[in-house]
Amino acid sequence: MTRTDPDVERELVQVAHAFAADEIRPVAAHHDETETFPKEVVHKAARIGLTSFDLPAAYGGGGIDSVRTSCLIGEELAWGDAPIGSIVGSASFFAAPLAELGTEEQRRRWISPLCSADPPMTTLAITEPGAGSDAAAITTAATRVEGGYVLNGAKTWASGAPDATFYLVYATVSPGTRAKGITSFVLEKGDAGFTLGKKLPKMGSRCYPTGELFFTDCFVAEDRRIGEEGQGFYGVMRSFDRSRVTLAANSIGIGRAALEYAVDYAKQREAFGKKIHEFQAVSFRLVDAKMALDQARLLTLHAADLADAGESFATEASMAKLAASEAAWQAADAAVMTLGSYGYSREYPVEKWLRDAKLEQIYEGTNDIQRLLIARSMFPR
């Protein structure tokens, strides 16, 4: 990975901010309330390259492989709206394992369409009803047969699943061997033996549909396997290192939006004859939120810079995601408290930011898991 030219990076960030302000924010509340997929917003983002700027140029993408640049753009999109921003940037989660482990034919088959003006939705499916944080414990089985594999099992909490066309599914070719047997396969909507379950209702991130997947004697041809048998866990963990850094930026975007709103409100709202920011109980709460967000941003960009330099950054990625998700929750909670009863009202945006911030502490490895990973780096076996 390489650093993006500063002028190019600055222009991309400006484009992302303008898009967030003009196209995402005006419709965010509607899509949250109705729980509808923001398809038109995604198409607009695709037409200006925001859905594919970080995909390989060889397949039609923007060729920007800098994690730092992805973070800066992701923060702006999440400032507009975190779930919509996540949808706009979701292609890279699916494409990264293919780019690293896939064949040339596989990359052209499944990455190239993501770089079009009408990109298909994608899903990465690893979580199961009995395997969440312990990803190596998955039991969805891939049994080798002539010409390919037969999949049997189920997935849950698959982001984008109800509206997806391509699915990167993780299964084990050797049950009981944990990570050693985990292998990834691409499935497509309509494959025989592959069915979608219910759309899962959520507290936040409502417009980004999450669902269940079921596999019943589902045949998957040999050319759908990504990498060699047993390489799947390695591939997804590598992807998680990078995605945890970009998700940290996503959290910062939420927190920044909430803090800005609360500060503006505190400048206008009066109580007991003066602006409420003049009360230390209010201003100090917002000071603490700002400090936490700024610290988290520095951690995030440090992890991104390590990644761009080709250095080890797994521990720093966990620290960034942990710090940023905690800071986002702190800022959103501070915003709700600053607005008081209005903060609890759905007529104001701060309660949505609080709901969306909670997810940041859970997905792609809960904050407890991030602490465990950091501790392991401090106290290696």
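**Side chains, one at a time**

Modeller: Let's start with a polar contact: a polar atom in the side chain of Arg244 sits 3.0 Å from the backbone oxygen of Glu364. Bear in mind that this is a predicted model.

Biologist: Which helix is Arg244 found in?

Modeller: Arg244 touches residues well away from its own stretch of sequence, including Ala317, Lys321, Gln370 and Leu373. Glu364 and Gly365 are also among those contacts. As for its own place, Arg244 belongs to residues 232–268, which is helix α7.

Biologist: And how far is Arg244 from the nearest side chain of opposite charge?

Modeller: Arg244 is buried and yet has no salt bridge. A salt bridge needs the nitrogen and the carboxyl oxygen within 4 Å.

Biologist: How many disulfides does the structure hold?

Modeller: A disulfide calls for two cysteine sulfurs within 2.5 Å. The sulfur of Cys71 has its closest cysteine sulfur in Cys115, 20 Å away, so that's too far for a bond. Cys71 is buried at 2% relative accessible area, and Cys115 is buried too, at 15%. The disulfide count is zero.

Biologist: Is Glu40 buried or exposed?

Modeller: Glu40 makes a salt bridge with Lys44, with the closest N and O atoms 3.6 Å apart. Both sit in helix α2, four residues apart, which is about one turn of the helix. Lys44 comes out partly exposed at 26% relative accessibility. For Glu40 the value is 55%, over the 50% mark, so it counts as exposed.

Biologist: How many residues apart are Glu75 and Arg297?

Modeller: Their side chains meet in a salt bridge, 2.9 Å from N to O. The pair links distant parts of the chain, with Glu75 in helix α3 and Arg297 in helix α8; the separation is 222 residues.

Biologist: What is the closest N to O distance between Lys275 and Glu270?

Modeller: Lys275 is partly exposed at 25% relative accessibility, and Glu270 is partly exposed at 48%. They form a salt bridge, one of 29 in the structure. Its closest N and O atoms are apart by 3.1 Å.

Biologist: Last one: which residues have the most contacts inside the largest nonpolar core?

Modeller: Nonpolar side chains tend to be buried together in soluble globular proteins. The largest core here has 81 residues, and apart from it lies another of 25, with Ile126 and Phe166 among them. Leu151 touches Val169, Leu187, Phe215 and Val220, among others. The residues with the most contacts inside the largest core are Leu151 and Leu187.

How values were computed
Residues are numbered from 1 along each chain as its sequence is written. This is a predicted model: local features need pLDDT of at least 70, side-chain atom pairs count only at pLDDT 80 or more; totals for chains, interfaces and linings use all residues. Side-chain values use heavy atoms; hydrogens and water are left out. Buried means under 20% relative accessible area, exposed over 50%, partly exposed in between (1.4 Å probe, protein chains only). Helices (H or I, at least four residues) and strands (E, at least two) are DSSP runs, numbered from the N terminus. Lys and Arg count as positive and Asp and Glu as negative; His and the chain ends are not counted. A polar contact is a pair of N or O atoms within 3.5 Å; within protein, one must be able to donate a hydrogen and the other to accept it, and residues adjacent in sequence count only if both atoms are side-chain atoms. Contact means heavy atoms within 4.5 Å. A nonpolar core is a set of buried Ala, Val, Leu, Ile, Met, Phe, Trp, Tyr and Cys residues joined through side-chain atoms within 4.5 Å. Lists of a residue's contacts leave out its neighbours within four places in sequence.
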